[in-house]
Each structure stands twice: as structure tokens, then as C-alpha cells.
Amino acid sequence: MSIFKGAAVAIITPMNEDETINYEKLDELIEWQIAEGTDAIVICGTTGESATLSEEEHMAAVKHCVETVNHRVPVIAGTGSNSTATAIALSKEAEKYGADALLVVTPYYNKATQEGLIRHYTMIAEAVSTPIIMYNVPSRTGCNITPQTAAYLCKNVKNIVGIKEASGNISQVAELKKLCGDDIELYSGNDDQIVPIMSLGGLGVISVLSDVAPKYTHELCHKMLNGDVKGACDMQLGALDLIDALFCEVNPIPVKTAANLMGFNVGPLRGPLFGMSQANTEKLRKALTDFGIKVQ
């Protein structure tokens, strides 16, 4: 049985003005997401500013999210690191708190060979029993999981069950699915490629768009799952301008700005990510408004 089908939100981490985590606001976002039909919640992923959270903050946020969601939808905890030992420690703690799955990004900066990736993911998987979704986003990590490596891991490591594919390379995704077949749960990691990846057998998306349009993203995915390709394609194309605006600066700068424009008051970003340029803020404001989202 798959971890989820449809749209999982890569939820932002709201901050107080002193840059501590705003748990009251996080609860508000979680409740809104569930009410809007989000199929799963990813806590402390890249969009959640995991890179600038301390390990203590990171795990406190995971624990809080698991408790707040209380089994209403799956909770997927981001536990990746460029240190295998750190990734193991985070994964074990997230498992202890009851996360339904783990999202483990490839090692960044120091990267790894394909053999190194196999060892890295295998060691993490052997330390826990919770299902693992690999996260392939080479534009941010400088490290690509090849289809052959992904296939080896999914076929040979029991609890490595899926991949969030954000390489942007549809040919690579097609090769991945050809090699893995039903041994892998494939999720789009790019909001502008939900329909293309689902057409190759993907089960849905781990989404930034869902932070601002959760019901829409959920419905888009479920149209594909239910065979309404034309309807899903129309929704995909209809969201492209908003998706473009949500990635016109480094994620999560625009999406956190968008949440503030929508009145959620999610606070500041942590450095080295800072406020959005005025020109891009206006572009984002227009995209939200054109999409039918009310902004302040």
C-alpha cells in the first residue's frame, strides 16, 4: 500500500519575529491543509527551511506535526543530511515520534558517488523500519540519483519505497519507471510536471503549490488518478503562471511571501534567505490574484 496518493504539501515553517518556530501558526496551517483536502503533510523539508533549523528545532517540529495531525493524513518527516550519521539520527528520532514516512534528500555539497548513495541510503534504511522516500533534486544538491541507482535501492532495500523526482528530466523519470516498475512509488517534486510524471505512473506530487492552493492541487492529482487526463492537463496549464511566480526566487522565499500576502502571517525567513524583491513581490501578488486567491 502506497504512503499516499495525490498531493502532499511541503509545508512551510512559520516563524515568530524573533525567528523561533511559531507553533500556533503551524497548527493553523495544518488544519487549513487538512480541511482543504491535502493528502499528506511533509514537515521540515527544504520548503520548511530545514537547512537553517537546529536539530532540536527540526525534531520538535516533526513531533509537534505528528501529534497535531493525529493520523488524519500521513506525516512525512524530512530527515536528510549530507552526513549519513546525522540522517540516521534524525530518521530514528522521527520514527520514534510516529512519522508515517521519511523524506531523505541526497547529500548536498559534499555529494556522493552512485556507490556512495547506495551505501548512504542503505545505512539509513537499515537503522529504521519506517518507509523512506528518496528525494532527488540535483539543482539544489549537485547530486543526481541515476535511474539505475534508484532501481537497485528500491529492489534491494525493503523500506526504501519511493522517490520524489525533481530532476526536471522527464527522460530520466521515464527510464526510472521502466527500470523500477511497481517497485517504486513515484512522486513529482516539481509542480509544473505533475501531469507529465503522473502520466508515467507517478502517484502524485510533493508540492509547494499546495501551500497556497491545496484544494486545487489535490483535485488536479485526483483527476489524473481517476483517468480525467484532459481535466488534469487543463488544471496543470492553468496553474503555470502561479507556479512560475512561486519559483521566481529561491524556494521558499516566494511561497512564504505568498502566505504572508494571503494573511497567514507566517513571519520572516531565516538567513541566508531574506525578503523578496519588490518587483517579484508584485509579480507574485498578480499571479495569486489572477489565480483567484485573495491577497492583502
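Where is Thr47 found? Thr47 sits in the loop between strand 2 (40-43) and helix 2 (55-69); helices (H or I, at least four residues) and strands (E, at least two) are DSSP runs, numbered from the N terminus. This is a predicted model, in which local features need pLDDT of at least 70 and side-chain atom pairs count only at pLDDT 80 or more, while totals for chains, interfaces and linings use all residues. Residues are numbered from 1 along each chain as its sequence is written, and side-chain values use heavy atoms, with hydrogens and water left out.

View 1. An unreviewed UniProt entry lists Thr47 and Ile206 for "binding site". The two span 160 residues in sequence, yet no two of their C-alpha atoms are more than 10.5 Å apart, so they gather at one spot. Both Thr47 and Ile206 are included in the lining of the second largest pocket. UniProt positions are given in the numbering used here, feature names are shortened, and annotations may be inferred rather than shown by experiment. On a 1 Å grid over the protein atoms alone, a pocket is an open set of points with protein on both sides within 12 Å along at least five of seven lines, a cavity is a set where a 1.4 Å probe fits but cannot get out, and lining residues have an atom within 4 Å of a point.

**View 2. The surroundings of Thr47.** Thr47 counts as buried, at 4% relative accessibility; buried means under 20% relative accessible area, with a 1.4 Å probe and protein chains only. Not counting residues up to four places away in sequence, Thr47 touches Ala10, Ile11, Ile12, Val208, Asp211, Asn251, Pro252 and Val255. Contact means heavy atoms within 4.5 Å.

**View 3. The surroundings of Ile206.** Ile206 lies in strand 8 (residues 204-207) and counts as buried at 2% relative accessibility. Leaving aside neighbours within four places in sequence, the contacts of Ile206 include Phe4, Val42, Leu103, Lys164 and Tyr187.

**View 4. The largest cavity.** About 50 Å³ of space lies in this cavity, a volume being the space filled by probe spheres set on grid points joined across faces, edges and corners. Ile11, Ile12, Leu29, Trp32, Gln33, Asp211, Ala259 and Phe264 line the largest cavity. Helix 1 (residues 23-35) gives the largest share of the lining, 3 residues.

**View 5. Helix 4 and its packing.** In helix 4, Leu117, His120, Tyr121, Thr122, Ile124 and Ala125 are buried. The elements that the buried residues of helix 4 pack against include helix 3 (84-97) and strand 5 (132-136).

Terms used:
Buried means under 20% relative accessible area, exposed over 50%, partly exposed in between (1.4 Å probe, protein chains only).
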